[in-house]
Amino acid sequence: MSKRLYAAYFTGIDGSSFGLFYIGDGVIAGVDAGGMKYDGTFQETSDGALEGVIQFIVPAGMKLVTGLVAGGQPKTLSAPIKLRREFGDGNAVTRIDTPAGPVNARFELLREIV
């Protein structure tokens, strides 16, 4: 898979947010408007989907789009992630089941990285 930069738009039961992600070389890494950091790994499947695990590093006191409010210390959550082959077309919605509750994500390809 090539190296790419994506805009991501998130919605949950208690709001919405957006972020910026690098996806390539088996790595998913990004940040969002609330100050969360994301770090994960993936493998490409035979049908072109990406499957892996992503960690969400939540700043202390931050309220997530799922409604969860982090405590007085930063919190790290992990969740499996599966992105369909067409995930970056700006239209496909991916449900991510996190320990804090479900999040819907929509990714839009911004550019290839050389």
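Predicted model: local features only at pLDDT ≥ 70, side-chain atom pairs only at ≥ 80, totals over all residues.
**A walk through an all-strand chain**

Of the chain's 114 residues, 39% count as buried.

Now for the overall build. The protein chain has 8 strands and 0 helices. Its C-alpha atoms fill a box of roughly 40 × 25 × 25 Å along the principal axes. A compact globule with 114 residues would have a radius of gyration near 13 Å, and the chain's 13 Å agrees with that. Looking at contacts with a separation of 6 or more, 38% are between residues 24 or more positions apart.

As for charge, there are 11 positive and 12 negative side chains, and the centres of these two sets sit 3 Å apart.

Next, the rings. The whole structure holds 8 aromatic pairs. One of them joins Phe 10 and Phe 21 edge-to-face, with 6.1 Å from centre to centre and 75° between the planes. Phe 10 belongs to strand 1 and Phe 21 to strand 2, 11 residues apart, and both are buried.

Another pair is Tyr 38 with Phe 56: their ring centres are 5.4 Å apart and their planes meet at 75°, so this one is edge-to-face too. Because Tyr 38 lies in strand 4 and Phe 56 in strand 5, the pair ties together parts 18 residues apart in sequence. Tyr 38 is buried, at 6% relative accessible area, and so is Phe 56, at 9%.

Finally, zoom out: ring pairs link Tyr 6, Phe 10, Phe 21, Tyr 38, Phe 56, Phe 87 and Phe 107 into a cluster.

Terms used. Residues numbered from 1 in each chain as written. Heavy atoms only, no water. Helix = DSSP H or I, 4+ residues; strand = E, 2+ residues; numbered from the N terminus. Rg over C-alpha atoms; globule rule 2.2 N^0.38 Å. Buried < 20%, exposed > 50% of the residue type's maximum accessible area, 1.4 Å probe, protein only. Contact = heavy atoms within 4.5 Å. Lys, Arg positive; Asp, Glu negative; His and termini not counted. Charge placed at Lys NZ, Arg CZ, Asp CG, Glu CD. Phe/Tyr/Trp six-rings, centres within 6.5 Å; stacked < 30°, edge-to-face > 60°.
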